[in-house]
Number of protein chains: 2
Amino acid sequence: MTPLIRKLGAFVALSAPELTVLESLRSRRRIFRAGRDLIHQGQAGQAAYVLGSGWACSYKLMPDGQRQIVDFQIPGDFLGLRSVLLRTSDHTIEPVTDIEVMEIHVEDLLKAFANAPRLGVAVLWAASRDEAMVVEHLVGVGRRNAAERMAHFLVELGSRLTLIGMGSTAGYSCPLTQYLLADALGLSAVHVNRVLRQLREMGLATFRDGEVIFHDHGRLCAFAQFDASYLDQVKPLLK
Amino acid sequence: MTPLIRKLGAFVALSAPELTVLESLRSRRRIFRAGRDLIHQGQAGQAAYVLGSGWACSYKLMPDGQRQIVDFQIPGDFLGLRSVLLRTSDHTIEPVTDIEVMEIHVEDLLKAFANAPRLGVAVLWAASRDEAMVVEHLVGVGRRNAAERMAHFLVELGSRLTLIGMGSTAGYSCPLTQYLLADALGLSAVHVNRVLRQLREMGLATFRDGEVIFHDHGRLCAFAQFDASYLDQVKPLLK
DNA sequence: CGCCTAGTTGAGGTAAGTCAATTCACGTGG
DNA sequence: CCACGTGAATTGACTTACCTCAACTAGGCG
């Protein structure tokens, strides 16, 4: 069972021939080191990846050196799918930790669609879910204050990790620094620190030494106005 | 030539059989009035649309009544494609003006993919481009100040309108109110007003009486740090 | 004529940013 | 083993971009 099969199987109940097509894809395993970019903004990308283990982030760099992190990727997520479809990447992808990925060649993927069109639908679904997450992120940055934004971020990430068995309503391990959080949430690192203290003092959550601990998951969700429906991925949508 | 064919033809050079498949789609023409939602947040949507004429916007409503506009749609854009793919809509779509749309049934679309897999690729491309726009929007709200954000918004919209022959580097007509701009840019309506004045006084652009006028398009782009590459759609990507 | 919506402007408040200093954990090399 | 440098987190003092409240104008329309 490759990560790609697990990913697409969540959206479409894959038939035996479809599995065969997917398994026939060339799919080289690669390792990247923390902090060494896989995909560079402005470059014509050749390959996309499925993340096997570790954490990555995708961001856009501003001319003045600021950056906005668009999303973090956790095991099972696509890396650079959009770059590869649009041929030139509009963003950079950087491993947060050392990561292990499976490479996917676009030409192979496009050919696979021809042989098994429902695979195309599955990828379209995966892309739509990613877009829904970016939209929710946009709402947070546009309309939530710093504390709500942080709370929402922590519970969303928790939900995503729970789906892949790496988290629970009690918490999860998280390799992100306060600087990374700041770049993702559109805050300064100093303010991230203050907001984390605030959440801690409110008895909602603690983020310390790479561990997120939910003291009161229900109250935290309420505070963050978190609604998981956009993450729903409970069963294959297409039989 | 239906709007759907024009849309997908921009991404994939459509063959005769593919055109036949697309033309065979049931595709009812419908009219919606300004302000009367087509697609409601939380509802299970049955149909997606391609916008024929008029302007629409998609937004998310917060429990406290605030809203964040995610994007505006102009003629040729999809409405509610993501809602329909994910089965339940995570956002609302509202016509800004009276609009004319062509309805697309999802089942038809999915069937079309089976007959002509490259159509699936074309839709995937269209979705990726939409996602790229949301990402750019996120960057603006997260990392640009109010004036840059407004400037960027105005030139981006101008570029999109130019692609469909409804704008130029001189300007365009724009039915959006300052309240809509505020909800899109994550600002207050009052501040939108001040920022527009600032851009006017800087000799960059004027937005008044439904007309956006670029006084100095080059300088405005520079000020906004606008880079159109994510909008690139000059020629079909797949032959 | 009067109401309503969109736009405009001023005054004052506040959430979040910036600058700066301190602590702590860590690795690395002498 | 200790000295040193470096990166992350923490906290305080001060600044500022944007918000809120409020008042006012101008056009559209029943």
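This is a predicted model: local features need pLDDT of at least 70, side-chain atom pairs count only at pLDDT 80 or more; totals for chains, interfaces and linings use all residues.

Trainee: What makes the place of A:L14 a loop between helices of chain A?

Mentor: A:L14 sits between helix 1 (3-9) and helix 2 (16-23) of chain A.

Trainee: And is A:L14 buried or exposed, and how do you know?

Mentor: The label "buried" takes 20 or more other C-beta atoms within 10 Å. A:L14 has 20 of them, so it is buried. Leaving out neighbours within four places in sequence, its contacts are A:I5, A:L8, A:G9 and A:L19. By contrast, A:F153 is 139 residues away along the chain, and 32 Å separate the two C-alpha atoms.

Trainee: Why is A:Q225 called partly exposed?

Mentor: Buried starts at 20 neighbours and exposed ends at 12, with partly exposed in between. A:Q225 has 16 C-beta neighbours inside 10 Å, so it counts as partly exposed. You'll find A:Q225 in the segment after helix 9 (217-224) of chain A.

Trainee: Which exposure label does B:D209 get, and why?

Mentor: The cut-off for exposed is 12 or fewer. B:D209 has 6 other C-beta atoms within 10 Å, so it is exposed.

Trainee: Zooming out, how many helices and strands does chain A have?

Mentor: Nine helices and ten strands.

Trainee: Why is chain A called as compact as a globular protein of its length?

Mentor: Its radius of gyration is 18 Å, and the globule rule gives 18 Å for 239 residues, so the label follows from the two values being close. Along the principal axes, the C-alpha atoms fill a box of roughly 55 × 40 × 30 Å. Of the 239 residues, 48% count as buried. Among contacts in chain A with a separation of 6 or more, 74% are between residues 24 or more positions apart.

Trainee: Which domains does chain A have, and how far apart are their centres?

Mentor: The domain assignment gives domain 1 (3-130) and domain 2 (144-231). Taken over C-alpha atoms, 25 Å separate their centres in chain A. Their contact takes eleven residues from domain 1 and nine from domain 2. On the domain 1 side, strand 3 (56-61) and strand 4 (67-73) of chain A each give two or more residues. Strand 4 gives the most there, with three residues. By class, that side has seven nonpolar, three polar and one charged.

Trainee: What makes you say the copies meet through the same surface?

Mentor: 100% of the interface residues of chain B are also interface residues in chain A, so the surface is the same. In numbers, 41 residues of chain B touch 41 residues of chain A. On the chain B side, helix 5 of chain B brings the largest share, 20 residues. That side divides into 22 nonpolar, eleven polar and eight charged residues.

Trainee: Which residues come nearest to DNA strand D?

Mentor: "Near" needs a C-beta atom within 6 Å. Of the 16 residues around DNA strand D, the nearest are A:T177, A:Q178, B:N145, B:A146 and B:H191. Helix 8 of chain A gives the largest share of that surface, six residues.

Trainee: And which come nearest to DNA strand C?

Mentor: Of the 15 around DNA strand C, they are A:N145, A:A146, A:H191, B:T177 and B:Q178. For DNA strand C, the largest share is five residues, from helix 8 of chain B.

Notes. Residues are numbered from 1 along each chain as its sequence is written. Chains are lettered from A and ligands numbered from 1 in the order in which they are written. Helices (H or I, at least four residues) and strands (E, at least two) are DSSP runs, numbered from the N terminus. Two residues are in contact if their C-beta atoms, placed from the backbone, lie within 7 Å. Ala, Val, Leu, Ile, Met, Phe, Trp, Tyr, Cys and Pro count as nonpolar, Asp, Glu, Lys and Arg as charged, and the others, Gly among them, as polar. Domain bounds come from an automatic or database domain assignment. The radius of gyration is taken over C-alpha atoms; the globule rule is 2.2 Å times the number of residues to the power 0.38.
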